[in-house]
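Morning, everyone. Please look at the picture first.

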Amino acid sequence: MIGRIRSQTVEVGRNVADWMENRTGIVTALEHFLYEPVPKRGAWLYTLGSATLFLITLQFLTGILLLFYYVPTTDHAWNSVYYIMNEAYFGKLIRGIHYWSANFLMAVIGMHMARTFFSGAYKAPREMNWIVGVILLLLVIGLAFTGYLLRWDQDGFWASVVGIKIGSYSPFLGPYITHFLLGGDVVGPATLSRFFAIHVWLLPAAIAPFIGIHLYLLRRHGEFGSEFEYSDRLSKLHERRRQEEYARHEEGGEERE
Ligand code: HEM
């Protein structure tokens with residue numbers, strides 16, 4: 001019974017996919033977009049970039065939902081977060097996902113960077129993708145830093161004070177960075193407005209095109225190391241198919257005789 005339901009469901013799924021494919025070509029396009037050969041050895045480590053992409057997408061989606069209730073002013077920010085946590089439908093869940101996915105994102109992006117480093121994927125001709133990766137890392141760190149102040153509690157407030165203070169010691173640019181981030185002399189309403197604008201508009205708008213460039217460059221060069229093993233495996237597969245075909249042909253000939 002269960003087997004029949006399963007095969008019927010598969011059949012329906014296949015028919016829907018065929019229908020869509022005939023009219024839009026979406027299945028071929030998705031296959032083209034999603035399939036990327038990776039080296040056989042350590043193949044799972046090549047999923048870390050996609051995991052980073054998944055987490056950052058989750059951040060964008062949950063962030064948009066949080067904006068329905070969050071108010072970026074010093075007298076309402078903390079209260080609006082309290083409201084999200086205690087009153088809004090699924091508020092706790094959505095804020096929880098935003099918070100934990102931000103934490104995992106930092107860990108996963110670090111692991112992705114370590115994988116590309118240790119597999120030597122930063123070498124020619126992939127240097128540009130490494131550079132774009134570093135830019136993405138800095139932008140993501142910027143997201144984490146600016147997001148912390150938005151809840152406007154003691155933790156976020158003092159962490160931002162310390163962070164801005166560290167930035168103020170940068171050579172030459174220190175005073176400009178401090179002034180740009182603070183919007184005044186101390187952390188206050190102008191700082192919250194600026195961090196909000198940077199967290200919600202500036203950095204996501206900057207990250208999106210860099211992710212596009214990152215994925216374009218990946219497609220252009222392919223995963224580092226995949227070409228050797230794949231061409232090797234493909235030629236073995238073609239050879240086996242050729243022999244099977246030959247054997248079938250021979251059998252057919254014998255039967256006719
Ligand atoms: C928002 C952050 C990032 C996203 C969404 C992202 C996404 C991806 C994806 C999906 C891939 C292909 C799958 C894989 O190899 O895991 C990839 C490859 C790559 N990434 Fe990232 N990445 C990010 C950050 C970084 C960082 C911080 C670096 C290093 C500084 C980096 C360097 C690379 C390199 C060099 C490749 C090519 C790998 C190869 O050819 O084997 N990426 N990235």
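Before I start: when I say helix, I mean a DSSP run of H or I with at least four residues, and the numbering goes from the N terminus. Also, this is a predicted model.

Start at the ligand. There are 27 residues around the ligand, and Gly49, Ala121, Gly133, Leu137 and Phe224 come nearest. The elements that give two or more residues to this shell are helices H3 (48–66), H5 (91–118), H6 (127–150) and H9 (189–221). Which of them gives the largest share? That is H6, with seven residues. By type, the shell has 16 nonpolar residues, nine polar and two charged.

Now the record. An unreviewed UniProt entry lists residues 43–71, 97–118, 130–150 and 196–218 under "transmembrane region". In the model, residues 97–118 are 100% helix, with end C-alpha atoms 30 Å apart. Residues 196–218 are also 100% helix, and there the ends lie 32 Å apart.

Last, helix H3. H3 has 19 residues and spans 26 Å from first C-alpha to last, close to the expected 27 Å. Its buried residues are Gly49, Thr52, Leu55, Ile56, Gln59 and Leu66. Why are they on the same side of H3? Because they cover an arc of only 120° around the axis. In general, an α-helix has 3.6 residues a turn, so residues three or four places apart point the same way. Thr57 and Ile64, on the other side of H3, are exposed. The cover over the buried residues of H3 includes H5 and helix H4 (77–86).

Technical notes:
Residues numbered from 1 in each chain as written. Predicted model: local features only at pLDDT ≥ 70, side-chain atom pairs only at ≥ 80, totals over all residues. Near = placed C-beta within 6 Å. Nonpolar A, V, L, I, M, F, W, Y, C, P; charged D, E, K, R; others polar. UniProt positions renumbered as here; feature names shortened; annotations may be inferred. Expected span 1.5 Å × (residues − 1). Buried ≥ 20, exposed ≤ 12 C-beta atoms within 10 Å, placed from the backbone. Arc of directions from axis to C-beta. Contact = placed C-beta atoms within 7 Å.
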